[in-house]
Amino acid sequence: MSNTTHDIIIIGAGPAGLAAGIYGARAKLRTLIIEKGAIGGMASNTREIVNYPGFKQTSGTALTKEMAEHAKEMGTEIIKGEVKTVDLSGEIKRVVTRKKQEFTARAVILATGTLPRVLGIPGEKELRGNGVAYCATCDAEFFEGQHVVVVGSGDQAIEEGMFIAKFANQVTVIVLHDEGKLDCNRLSAEKALHHPKLKFVWNSTLTAVQGDEEVTGVQVKNIKTGEMSEIPCQGVFFFVGMIPATHFLKGQVELDDRGYVMVNDLLETSVEGVFAAGDLRPKYLRQVVTATADGAAAVVAAERYLQEKENLRTTVLEAEKPVILAFWSPEDQASLQAVSRVEKVVSELPNEYLFVKTDVTRQRMLAKKYQVTTLPRVFVLNKGEVVQTIDTDAEVDDIKEILKALIQQA
Ligand SMILES: Cc1cc2nc3c(=O)[nH]c(=O)nc-3n(C[C@H](O)[C@H](O)[C@H](O)COP(=O)(O)OP(=O)(O)OC[C@H]3O[C@@H](n4cnc5c(N)ncnc54)[C@H](O)[C@@H]3O)c2cc1C
């Protein structure tokens, strides 16, 4: 294996990726994080965080800066680069950036989070960066004394709308619902509805952003009456939801119909050795605390995967003598007794076999490789290939004879 191959590559340096970096390096795994934008991810643009345990009040920038320093001090390498393509199918995973830099690893953790949803109306793409924006922390100050339109009425839209109003002289919020109904939390709704600089256009949606080089206005449609109107403005902020940043993973790992990466409770994706952590997976709560928890869990699962892979290689595939691989579970006492009985038989033979007792609750990869669905299961292997399945209910002498015969044939 190439000595440039990492143990783990983490794609994305948001809270999930940084937490994974801390745990990875701490487990003495050679860990690389690749980040296309700001280290700290979406959280680094959050002005105030008051719900991360241990930090009564901090900013997203400060919190994620600490996380990045922590990861680096532990020994994780963080580099800039946008991952454009991946080949995750083999044992060695390949990751290629936009600038054609190629990296390899034995395990990959996907932690690319989410992106703001684009409405896809005329003018939106063309005027992005010239009046069309998606991040108030990044761009609100450019609209000092101007008129800004905000699209959406969720927590993000309303809270960001009030922040934009610190700079703009008027903020017009376009809301799909009937008058007075906002999707955000009640406290923010009350504040926003009484805010002197916020005005609301109800039952409406945006149909176009107007302007040649810069935004000059928006076209609005009343969804109840069909009536069209125009609002002159210099800026439009879209807060109409988030989508997973997983476009480059299509065909590589299983995604749900919205593009989120499907994982099991160990954060394993549909591909062996590939894990997913943070906002890019289906989950109930998308917050910094759940993203960091995912990062930690994904690395522990990856570490176990790498360990199992190594065990498989050294104790089974490259073993110098035939291996007797015996599967049992601590939750199934009968399987332990049956396996122990075979172990005793093997111990009475000359030193011909290597006996490997395998707890299926801990060695899931081995159990999967040998398709173990019932317990106990005992196989005789030669260079990893099954040459005989042992019936654990058979008489001790019969088992002994089978094992002796196999040695003579070898
Ligand atoms: C306005 C706002 C306010 C919020 N306020 C709070 C709050 O107060 N408290 C709280 O707990 N949570 C808050 N959240 C949610 C929190 O920010 C997210 O849950 C958290 O950042 C998710 O972390 P993540 O690591 O999964 O993803 P992200 O933070 O989105 O990080 C993903 C990273 O991956 C990178 N990336 C994506 N694609 C690639 C690629 N192809 N190659 C390389 N890098 C890539 C991105 O650039 C990004 O840095 C807020 C979110 C928003 C939008």
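Start by selecting α6, which contributes four residues to the lining of the second largest pocket, the most of any element. Helices here are DSSP runs of H or I with at least four residues, strands are runs of E with at least two, and both are numbered from the N terminus. Before moving on, note that this is a predicted model: local features need pLDDT of at least 70, side-chain atom pairs count only at pLDDT 80 or more, and totals for chains, interfaces and linings use all residues. Residues are numbered from 1 along each chain as its sequence is written, and side-chain values use heavy atoms, with hydrogens and water left out.

**The second largest pocket**

Stay with this pocket, which holds about 300 Å³ of space. A pocket is an open set of points on a 1 Å grid over the protein atoms alone, where a 1.4 Å probe fits, with protein on both sides within 12 Å along at least five of seven lines; lining residues have an atom within 4 Å of a point. The volume is the space filled by probe spheres set on the points, which are joined across faces, edges and corners.

Now select Glu 268, Glu 272, Tyr 305, Arg 364 and Lys 368, the closest to the pocket centre of its 18 lining residues. Along with α6, β17 (274-276) and α8 (364-369) each give two or more residues to this lining. Colour the lining by type and you get seven nonpolar, four polar and seven charged residues; Ala, Val, Leu, Ile, Met, Phe, Trp, Tyr, Cys and Pro count as nonpolar, Asp, Glu, Lys and Arg as charged, and the others, Gly among them, as polar.

**The ligand**

Zoom in on the polar contacts, pairs of N or O atoms within 3.5 Å. A backbone N or O atom of Lys 36 sits 3.1 Å from a ligand nitrogen. Polar backbone atoms also lie by ligand oxygen atoms: 2.9 Å for Met 42 and 2.8 Å for Asp 279.

**Two backbone stops**

Select Leu 375 and Pro 376, joined by a cis peptide bond with omega about -10 degrees. Pro 376 is in the loop between α8 and β20 (377-382).

Finish at Asn 203, in the loop between β11 (198-201) and β12 (204-210). Asn 203 has a positive phi, near 50 degrees, in a residue other than glycine.

Terms used:
A polar contact is a pair of N or O atoms within 3.5 Å; within protein, one must be able to donate a hydrogen and the other to accept it, and residues adjacent in sequence count only if both atoms are side-chain atoms.
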